[in-house]
Amino acid sequence: MQKNNFAVIPRHVGIIMDGNGRWASARGHKRSFGHKHGVKNILPVAKTLFESGVEYLSLYAFSTENFMRPKEEIESLVELLKNAIKTHGEKCLKKGVRLVVSGDTTAFGKDLHDIICDYVERTKIYAKPVVNICLNYGARQELCRAFNLMLEKGATCANEELVEECLFNSLPPLDLIIRTGGEQRLSNFMLWQASYAELYFTDRLWPDFTKEDCYEALSWFSSRKRRFGKV
Ligand code: IPE
Ligand code: IPE
Ligand code: MG
């Protein structure tokens, strides 16, 4: 599918970038090889979506539960992330993209945490577009953290505005969630922000997800009739 003028463009897209391990295994390689190729795919996909008019992109890169993976895989991912954040951070600075992070990145060690904080700080001068990288992120953990922050603020009663103020970042609701890799689940990804998101599942493994696949997803989104509870 080629780019065309889609009737409606999602303002906020989330991507659950799944399938790196299977992509590598199918080629007789270690899982880390798949992660390497998965990281390479972020830039062209982000470029395609922003050029199409998307303003916010949330990327699920590492869940809180992913810490239960073998030590070797986590260590190789942390190394990969150090380089990836530098490459993508520089690109953000050059292109005027704001980089924000959701999740507790201190768990990855001081080196990576400091690199992330540095780019988050330096790209604060930009308003939009925004890339939100979810690292050591879990929606349940984000909500518990928000409830605790509310208590610290002295709140005695919750409301939607208050919860949203206490999330990792101030982002609009997700309009479209794309999950690659064939699974049809959210795996603890932005449950609050996903309440009215359209869910697009594809069997394509993340390193194989192309620009054309982005257009396919945008075209599908454009054809959805969103009702938000109304008739
Ligand atoms: C997603 O790919 C990337 C991360 C979770 C870090 P996977 O590593 O889950 O790949 P599969 O699902 O095992 O193929
Ligand atoms: C979701 O993928 C997390 C990321 C893509 C970062 P997983 O591979 O961890 O999800 P499950 O375990 O299949 O639900
Ligand atoms: Mg997976």
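**Aromatic contacts in the predicted model**

With a relative accessibility of 1%, Phe-62 counts as buried, because the cut-off for burial is under 20%. The model discussed here is a predicted one. In this model, eleven aromatic pairs are counted. One of the pairs joins Phe-62 to Phe-67: the ring centres are 4.9 Å apart and the planes meet at 70 degrees, so the arrangement is edge-to-face.

A second pair worth a look is that of Tyr-200 and Trp-220. Here the centres of the two rings lie 5.3 Å apart, and the planes stand at 55 degrees, so this pair is classed as tilted. Tyr-200 belongs to strand E6 (residues 198–201), whereas Trp-220 belongs to helix H8 (residues 211–222); the pair therefore ties together parts that are 20 residues apart in sequence. The labels follow from the cut-off, because only values under 20% count as buried.

Tyr-60, Tyr-137, Phe-168 and Phe-189 come together as one aromatic cluster. Finally, there is a contact between a charge and a ring: Arg-27 places its charged end over the ring of Trp-23, at 4.0 Å from the ring centre.

Technical notes: Residues numbered from 1 in each chain as written. Chains lettered and ligands numbered in written order. Predicted model: local features only at pLDDT ≥ 70, side-chain atom pairs only at ≥ 80, totals over all residues. Heavy atoms only, no water. Phe/Tyr/Trp six-rings, centres within 6.5 Å; stacked < 30°, edge-to-face > 60°. Buried < 20%, exposed > 50% of the residue type's maximum accessible area, 1.4 Å probe, protein only. Helix = DSSP H or I, 4+ residues; strand = E, 2+ residues; numbered from the N terminus. Lys NZ or Arg CZ within 6 Å of the ring centre and 35° of its normal.
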